[in-house]
Amino acid sequence: MTPPSPPPRKPLVIFDTGIILQATLTPRGASERALQLLESGMVIAVMNNYLRAEYEDVLRRLASLEKYAQLRRGTIIVDQLARVDALVERVPNAPERIVYPRDPKDAPTVNLAIEVAADFIVTRDADLLDLNNDPTFQKVCPKTRIVDPVDFLEAVEEWEAGGATSEET
């Protein structure tokens with residue numbers, strides 16, 4: 001008798017700060033739909049203390065700007081951060097594996113992706129997206145794809161259709 005196939009492996013994801021901000025500001029946008037994949041259990045997301053603090057800092061700092069006045073309404077920031085805390089697995093801060101001088105504030109996200117062997121970093125940050133073509137990053141993290149939210153939604157559909165298993169990691 002043939003043993004059953006292992007269950008499909010879920011993509012491991014890191015959401016960049018801009019994705020959390022966009023999901024908060026645009027409830028019908030691609031960033032929000034990306035977070036809904038997390039809520040539905042189709043993906044697994046991780047963050048470390050550094051990234052969690054950055055989520056909160058950006059949301060609270062931008063709330064003071066008139067352009068983002070909607071962030072001051074009710075409990076929108078508290079609610080979004082509570083949602084993130086409930087859905088995203090917290091892991092230890094990653095050691096520095098590579099230095100990223102182009103944008104040092106992105107280095108903790110990059111090093112986290114390396115540490116956990118993330119399948120995706122979801123971002124709209126051009127500095128992070130350019131790492132797809134960086135040979136140093138590709139050498140230490142060859143399976144990580146850095147994608148915008150629209151491409152992420154498509155990639156998860158493809159992932160589901162392909163049925164990646166836990167043995168493929």
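Modeller: This is a predicted model, in which local features need pLDDT of at least 70, side-chain atom pairs count only at pLDDT 80 or more, and totals for chains, interfaces and linings use all residues. Residues are numbered from 1 along each chain as its sequence is written, and side-chain values use heavy atoms, with hydrogens and water left out.

Colleague: Are glutamate 32 and arginine 83 buried or exposed?

Modeller: Buried means under 20% relative accessible area, exposed over 50%, and partly exposed in between (1.4 Å probe, protein chains only). By that scale, both glutamate 32 and arginine 83 are buried.

Colleague: What is the N to O distance in the salt bridge of glutamate 32 and arginine 83?

Modeller: A salt bridge requires a side-chain nitrogen of Lys or Arg within 4 Å of a carboxyl oxygen of Asp or Glu. The side chains of glutamate 32 and arginine 83 meet that rule, with an N to O distance of 2.7 Å.

Colleague: How many residues apart are glutamate 32 and arginine 83?

Modeller: Helices are DSSP runs (H or I, at least four residues), numbered from the N terminus. Glutamate 32 belongs to helix α2 (residues 30-39) and arginine 83 to helix α4 (residues 76-87). The pair thus links distant parts of the chain, 51 residues apart.

Colleague: Which residue forms a salt bridge with arginine 72?

Modeller: Arginine 72 is partly exposed, with a relative accessible area of 42%. The closest N and O atoms of the bridge are 3.5 Å apart, and the partner is glutamate 66.

Colleague: How many salt bridges does the count come to?

Modeller: Under the 4 Å rule, the count comes to twelve.

Conventions
Helices (H or I, at least four residues) and strands (E, at least two) are DSSP runs, numbered from the N terminus.
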